[in-house]
Amino acid sequence: LALFWWGEPGLALLAVVVVVVAALELGAMLDVPRPDRLVLAAALVAVVLTAWLAPEHVVQVAGGGALAVVAAPVLAGDAEHGLHRVLAGLLGLAWLVPLAGLGSLGTTALALFVAVSVADVVAYFAGPLLKGPRLSPLSPGKRWSGTVAGSLAAVAALAALGALTWPTAAAAAVGGPVGDLFESMV
């Protein structure tokens with residue numbers, strides 16, 4: 001909350017912390033070497049800082065990050081696992097680079113965080129209580145009933161926080177569950 005109060009510098013710092021943690025976690029999930037994880041984290045930090053300080057150059061910096069991600073296994077001469085390392089790094093870059101926009105969202109980012117968190121908690125408890133068909137084989141414990149209940153709770157949370165718009169509702173009610181399933185797939 002203090003970082004949100006601090007404004008753009010605080011949100012940029014928060015985004016830096018989030019992308020570093022996410023890059024390291026994704027790298028571990030995809031079993032890529034530590035240097036690749038660090039290159040991905042550095043590329044994402046560069047994009048976050050560019051989005052804050054020079055947003056007109058984000059595309060160029062993201063492209064440079066993609067080259068750095070590709071260069072790590074190429075320069076290591078990894079003929080056996082290089083393609084896996086490249087694809088994992090590019091997936092990480094594509095998946096996590098939108099977090100660079102956190103600063104431009106301002107307090108809407110906090111509202112989205114709260115709404116998605118509320119949706120997750122409601123879905124976790126409502127799915128087993130309401131039962132019904134399973135949502136996806138990607139995450140066998142999830143049910144449609146929990147997802148719908150969670151999505152409705154997310155929209156209600158956004159309304160209560162004064163941040164309900166069509167884009168925020170779609171991000172929390174649809175993007176949250178889809179992102180969760182995507183992470184389960186990974």
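Tutor: Two residues are in contact when they have heavy atoms within 4.5 Å of each other. The model here is predicted. In it, Val19, Ala22, Ala23 and Leu26 of α2 meet Gly92, Trp95 and Leu96 of α5.

Student: How do the residues of the contact of α2 with α5 divide into nonpolar, polar and charged?

Tutor: They divide into 6 nonpolar, 1 polar and no charged.

Student: What else describes how α2 and α5 pack?

Tutor: Two packed helices are described by the angle between their axes and by the distance between the axes. For α2 and α5 the angle is about 145° and the axes are 10 Å apart. The crossing is right-handed.

Student: Which elements does the protein have besides these two?

Tutor: The protein has 9 helices and 0 strands. Along the sequence the pattern is α-α-α-α-α-α-α-α-α. Its C-alpha atoms fill a box of roughly 55 × 40 × 25 Å along the principal axes.

Student: Why is α3 called roughly parallel to α5?

Tutor: The axes of α3, residues 34-53, and α5, residues 82-96, cross at roughly 30° and come within 10 Å. That angle makes α3 roughly parallel to α5, because angles under 35 degrees count as roughly parallel.

Student: Is the crossing of α3 and α5 left-handed or right-handed?

Tutor: The crossing of α3 and α5 is right-handed.

Student: Which residues of α3 and α5 meet?

Tutor: From α3 come Asp36, Leu40, Ala43 and Leu44, and from α5 come Arg85, Gly89, Gly92, Leu93 and Leu96. They divide into 5 nonpolar, 2 polar and 2 charged. Asp36 and Arg85 go in the charged group because Asp and Arg count as charged.

Student: How do α7 and α9 cross?

Tutor: The axes of α7 and α9 cross at roughly 35° and come within 9 Å. The crossing is right-handed. Thr108, Leu112, Ala115 and Val116 of α7 make the contact with Thr168, Ala171 and Ala172 of α9. This set holds 5 nonpolar residues, 2 polar and no charged.

Student: Which residues and helices line the largest cavity?

Tutor: Its lining has 15 residues, and nearest its centre lie Val32, Asp36, Leu40, Arg85 and Gly89. The helices α2, α3, α4 and α5 each supply at least two lining residues, and α3 has the largest share, 4 residues. The lining divides into 10 nonpolar, 2 polar and 3 charged.

Student: What is the volume of the largest pocket, and which residues are closest to its centre?

Tutor: The largest pocket has a volume of about 1300 Å³. It is lined by 29 residues, and closest to its centre are Val18, Trp95, Leu99, Phe113 and Val116. At least two lining residues come from each of α2, α5, α6, α7 and α9. By kind, the lining divides into 20 nonpolar, 5 polar and 4 charged.

Student: Which helix gives the most to the lining of the second largest pocket?

Tutor: That helix is α7, with 7 residues. The second largest pocket has a volume of about 300 Å³. Of its 19 lining residues, Asp120, Ala123, Tyr124, Lys142 and Asp180 lie nearest the centre. The lining divides into 8 nonpolar, 7 polar and 4 charged.

Key:
Residues numbered from 1 in each chain as written. Predicted model: local features only at pLDDT ≥ 70, side-chain atom pairs only at ≥ 80, totals over all residues. Heavy atoms only, no water. Axes fitted to C-alpha atoms, helices over the stretch in contact; angles between N-to-C directions. Parallel < 35°, antiparallel > 145°, perpendicular 65-115°, else oblique. Left-handed = near helix turned anticlockwise from the far one by under 90°. 1 Å grid on protein atoms, 1.4 Å probe; cavity = no way out; pocket = protein on both sides within 12 Å on 5 of 7 lines; lining within 4 Å. Points joined across faces, edges and corners; volume = space filled by probe spheres on them.
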